[in-house]
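The stops below are meant to be selected in turn.

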Amino acid sequence: MASLRRPPRTRADPKVTDSATAAGGVPAGTTYKLVVVPGDGIGPEVILAGRRVIETAGRLFGFGVEWQEVLIGGVAIDAYGVPMRDSDMAVCAASNAIYFGSIGDPKYDDPKAKIRPEQALLGLRKGLSLYANLRPVTVHPCLQASSPLRPELLAGVDMMIVRELTGGLYFGKPSEQRTTSAGREVVDTLAYTEHEIKRVVKLAFELARGRRKKLTSVDKANVLSSSRLWRTIVEETKAEFPDVTVEHRLVDSCAMLLVQKPAMFDVLVTENLFGDILSDEASVLAGSLGMLPSASMGERRTAYGVFGLYEPIHGSAPDIAGKDIANPLATIMSGAMMLRWSLRQPAAADAIEAAVTAVLNDGYRTSDLMPSAGSGTTGLRPVGTQAMGRAVVAALVGAGSATRAGAR
Ligand code: IPM
Ligand code: MG
């Protein structure tokens, strides 16, 4: 899996290219087949901003995108009566990658509801075997004031949370409520096979090897059998990666360390539900849930890389939907991850990340990123969703022309 090692970063050096080989071996003019799922709530708004950034990157770096939009989630329940049609699943499966907004709608939150938007997302993850969810957490220095944590705690934070995504409590059977003579009872099942644990743990080791070579495996081995097998498999796998230092942390203590000493973490690997919870917690370090992108990847390779689904980790945020105030940066950075991992366009990915850094340094802030009262807002430029997207596009184009001018 050496291909999963993160390609070296050239954040400050976005390159505009038109030669056939410059995009890492993908011929210039390649057109990718991408499925786009705007979804519910703020999904359509953040995806619109993200699409514009990817299209701009395509013009600058010499590739095209053929978007195929599908309705999945609450919008699909409204339109078709199911959260995802089989035919749409097939469209997703046949694509080069999936660009996903968010799904979830309070009108389907009734605990008795049999059909829920989230079933579609879980169906995609399971049906496409997207077993590894990569959630990078980095802190842009200029966003330190946006986090409630003290700046000295945030210095040097750069971690990759690897969340197992197709097993554990999300999928274990039985998962049901029953009625017995004693009343109602309920069961969820935390099940893993050896194979499921091994493949995600191995991938996390690979990632650690390409970074600072430290792996933290998070479990609850003092209580759960599933965690004890998890820990055993991490110990067994360690021998294949003698260059990586491994530590085991219990999930409760890890939750505390994430806000107490966040810079100590490099790669974290953990089961599905623990990863869901810890990654939302870790987003506080980055200043907002609206800053965390993610990649969900499986074993399948396409002509260009690993097949995957790319989505911000935030949900559909129905309370702010349709107001043009949501932060599109997590979605935009998910697009960069898609270009890097699934489409073999590392230079375009680097350029998008550099453009995001540039707009943040220039003071652009959606409301979630505004520092709390008293921290000072001088020089900051409050913007809405599409204006933030346009600022990233402008930074991308600007960096491109600067590079061209420099080369003349
Ligand atoms: C996430 C989300 C999903 C999850 C929900 C929407 C089902 O919270 O991607 O983290 O729990 O996995
Ligand atoms: Mg979550």
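Begin by selecting helix H8 (residues 251-260) together with helix H9 (residues 272-283), whose axes lie 10 Å apart and meet at an angle of about 15°. H8 is therefore roughly parallel to H9, a term for angles under 35 degrees, while those over 145 count as roughly antiparallel, 65 to 115 as roughly perpendicular and the rest as oblique. Axes here are lines fitted to C-alpha atoms, for helices over the stretch in contact, and angles run from 0 to 180 degrees between N-to-C directions. Helices (H or I, at least four residues) and strands (E, at least two) are DSSP runs, numbered from the N terminus.

H8 passes H9 in a right-handed crossing; a crossing has this name if the near helix is turned clockwise from the far one by less than a right angle, and is left-handed if anticlockwise. To display the contact, show Val251, Cys254, Ala255, Leu258 and Val259 on H8, and Phe274, Leu278 and Glu281 on H9. Contact means heavy atoms within 4.5 Å. By class, these residues comprise seven nonpolar, no polar and one charged. Ala, Val, Leu, Ile, Met, Phe, Trp, Tyr, Cys and Pro count as nonpolar, Asp, Glu, Lys and Arg as charged, and the others, Gly among them, as polar.

The model is predicted, so local features need pLDDT of at least 70 and side-chain atom pairs count only at pLDDT 80 or more, whereas totals for chains, interfaces and linings use all residues. Residues are numbered from 1 along each chain as its sequence is written, chains are lettered from A and ligands numbered from 1 in the order in which they are written, and side-chain values use heavy atoms, with hydrogens and water left out.

Next, select Asp219 in strand E8 (residues 214-219). Asp219 has a relative accessible area of 0% and is therefore buried; buried means under 20% relative accessible area, exposed over 50%, and partly exposed in between (1.4 Å probe, protein chains only). Which side chain does that of Asp219 join in a polar contact? The partner is Arg231, at 2.8 Å. A polar contact is a pair of N or O atoms within 3.5 Å; within protein, one must be able to donate a hydrogen and the other to accept it, and residues adjacent in sequence count only if both atoms are side-chain atoms. Leaving aside neighbours within four places in sequence, Asp219 is in contact with residues including His248, Val251 and Phe274.

From E8, follow the chain into the loop between E8 and H7, where Val223 is placed. Val223 is exposed, with a relative accessible area of 51%. Select Ala263 as well: its C-alpha lies 27 Å from that of Val223, and the two are 40 residues apart in sequence.

Now select helix H6 (residues 194-209) and H7, which pack with their axes 10 Å apart at an angle of about 50°. H6 and H7 are therefore oblique to each other, and their crossing is right-handed. On H6 the contact involves Glu194, Ile197, Lys198, Val200, Val201, Lys202 and Phe205; on H7, Leu229, Trp230, Ile233, Val234, Thr237 and Lys238. The classes are eight nonpolar, one polar and four charged.

Within helix H7 (residues 225-238), centre the view on Thr237. Is Thr237 buried or exposed? Thr237 counts as buried, at 0% relative accessibility. Its side chain reaches the backbone oxygen of Ile233 at 2.6 Å. Beyond the neighbours within four places in sequence, Thr237 is in contact with Lys198, Val201, Lys202 and Phe205.

Move to helix H1 (residues 43-61) and helix H11 (residues 346-361), whose axes come within 10 Å and cross at roughly 125°. H1 is therefore oblique to H11, and passes H11 in a right-handed crossing. Val53, Ala57 and Phe61 of H1 meet Ala347, Ala348, Ala351 and Ile352 of H11. This contact has seven nonpolar, no polar and no charged residues. Also in helix H1 is Gly58, which is buried at 4% relative accessibility.

Finish with backbone details. Lys173 and Pro174 are joined by a cis peptide bond, with omega about 5°, and Pro174 is found in strand E6 (residues 172-180). Ser129, in the loop between helix H4 (118-127) and strand E4 (132-138), has a phi near 55°, a positive value in a residue other than glycine.
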